[in-house]
Amino acid sequence: MSRAEKHAASQPLGQLLAHGAQVLAASAIENPRREARLLLAYALGKSAEQMLGISPRDEVQEEPFLSYLTRRAAHEPMAFITGSKGFWTLDLAVSRATLIPRGDSETVLACLLDYCPDVQAALSVLDMGTGTGCLLLAALAEYQKAWGIGVDINPDAAILAAHNAKRCGMAQRAFFLAGRWDDALKGQRFDVLLSNPPYIPTSDLAELMPEVRLHEPLTALDGGEDGMEAYRFLCGRLPYLLSPQGVAIFEIGIHQSRDLQHVAEEHGLEIVEIRPDLGGVPRAAVLRVRTDAIT
């Protein structure tokens with residue numbers, strides 16, 4: 001043990017955990033004791049199971065736990081502190097260039113498996129507004145013979161997604177581009193189009209929880225005046241991007257089902273299903289191009 005380690009400040013685990021929960025509760029962090037325990041486990045490099053084997057009386061080092069605690073008390077998302085987030089079956093790197101993957105978005109993958117049940121199919125998949133690459137990579141994890149392209153307007157997001165593809169062992173099947181929607185994809189058609197586009201009305205951004213408003217990129221959330229700007233563009237492009245039997249699955253915001261129905265009809269699309277997430281909120285819209293609208 002080095003001299004620095006000998007003199008590092010330490011406290012009993014139970015005392016440090018109680019302090020962390022108190023600090024987080026004072027900052028109105030939900031489930032403060034659970035959050036403090038997660039932070040402490042990460043700081044100590046321990047799993048949840050390993051934490052159970054440490055006595056509350058055992059002395060543990062204060063740092064980097066106290067530094068992480070300060071960041072979380074300022075409402076920095078846990079994923080930005082740990083640098084990763086679980087999504088579907090994957091563990092993905094995250095950064096401030098993208099939104100943090102959320103469990104609600106897994107509804108998109110559940111729809112995909114139902115509408116494309118043959119997991120041996122060599123599907124071509126397009127992910128528009130790919131962010132971390134979570135939707136595309138989760139899809140490729142299920143369809144081992146599939147390949148896909150993810151597009152994001154932020155070059156740093158495209159770089160992060162490519163890193164995640166390598167991290168997940170999919171660099172040979174997942175390719176990422178930086179650009180505005182389909183500008184670099186002229187003439188290419190896909191079996192599946194996935195998207196979690198910006199869909200928060202601009203006027204609602206100021207009301208978002210501080211973890212989102214202060215730390216995640218608002219450009220990835222801002223859907224324009226009514227939240228439908230990206231859907232209008234995507235629906236207008238689907239007849240040119242989908243193969244004849246292709247399917248598109250969009251994540252949608254609360255109360256947007258009816259507006260999306262109107263937009264879809266204007267562009268010759270059929271909404272096959274709008275599926276709720278586990279909380280019962282309409283979350284994923286499944287669309288196809290009507291046969292009389294195929295170009």
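Biologist: How many aromatic pairs does the structure hold?

Modeller: First, a word on the source: this is a predicted model, where local features need pLDDT of at least 70, side-chain atom pairs count only at pLDDT 80 or more, and totals for chains, interfaces and linings use all residues. Residues are numbered from 1 along each chain as its sequence is written, and side-chain values use heavy atoms, with hydrogens and water left out. Rings of Phe, Tyr and Trp (its six-membered ring) pair if their centres lie within 6.5 Å; planes under 30 degrees apart count as stacked, over 60 as edge-to-face and the rest as tilted. By that rule, the number of aromatic pairs is 4.

Biologist: Are the rings of Trp181 and Phe233 stacked or edge-to-face?

Modeller: A pair of aromatic rings is described by the distance of the centres and the angle of the planes. For Trp181 and Phe233 the centres are 5.9 Å apart and the planes meet at 25°, so this pair is stacked.

Biologist: How many residues apart in sequence are the parts that this pair ties together?

Modeller: Trp181 sits in the loop between strand E7 (174–178) and strand E8 (190–195), while Phe233 belongs to helix H11 (residues 229–241). Helices (H or I, at least four residues) and strands (E, at least two) are DSSP runs, numbered from the N terminus. The pair therefore ties together parts whose separation in sequence is 52 residues.

Biologist: Is Phe233 buried or partly exposed?

Modeller: Buried means under 20% relative accessible area, exposed over 50%, and partly exposed in between (1.4 Å probe, protein chains only). Trp181, at 18%, counts as buried. Phe233 has 23% relative accessibility, so its class is partly exposed.

Biologist: Which class does the pair of Tyr231 and Phe250 fall into?

Modeller: These ring centres lie 6.0 Å apart. The planes of Tyr231 and Phe250 are at 40°, so the pair is tilted.

Biologist: Where in the chain is Phe250?

Modeller: Tyr231 is in helix H11, and the pair links distant parts of the chain, 19 residues apart. Phe250 is buried, at 0% relative accessibility. Its place is strand E9 (residues 242–251).

Biologist: What lies over the face of Phe233?

Modeller: A charge sits over a ring if NZ of Lys or CZ of Arg is within 6 Å of the ring centre and within 35 degrees of the ring normal. Here the distance from the ring centre is 5.0 Å, and the residue over Phe233 is Arg180.

Biologist: How much space lies in the largest pocket?

Modeller: On a 1 Å grid over the protein atoms alone, a pocket is an open set of points with protein on both sides within 12 Å along at least five of seven lines, where a 1.4 Å probe fits; lining residues have an atom within 4 Å of a point. Grid points are joined across faces, edges and corners, and a volume is the space filled by probe spheres set on the points. For the largest pocket, that comes to about 1200 Å³.

Biologist: Which element gives the largest share of the lining?

Modeller: The lining has 48 residues, and Pro197 is among the closest to the pocket's centre. The elements that give two or more residues are helix H8 (134–142), strand E6 (147–152) and H11. The largest share, 3 residues, comes from H11.

Biologist: Where is Pro197, and is Pro197 buried or exposed?

Modeller: Pro197 is in the loop between E8 and helix H10 (210–213). At 2% relative accessibility, Pro197 counts as buried.
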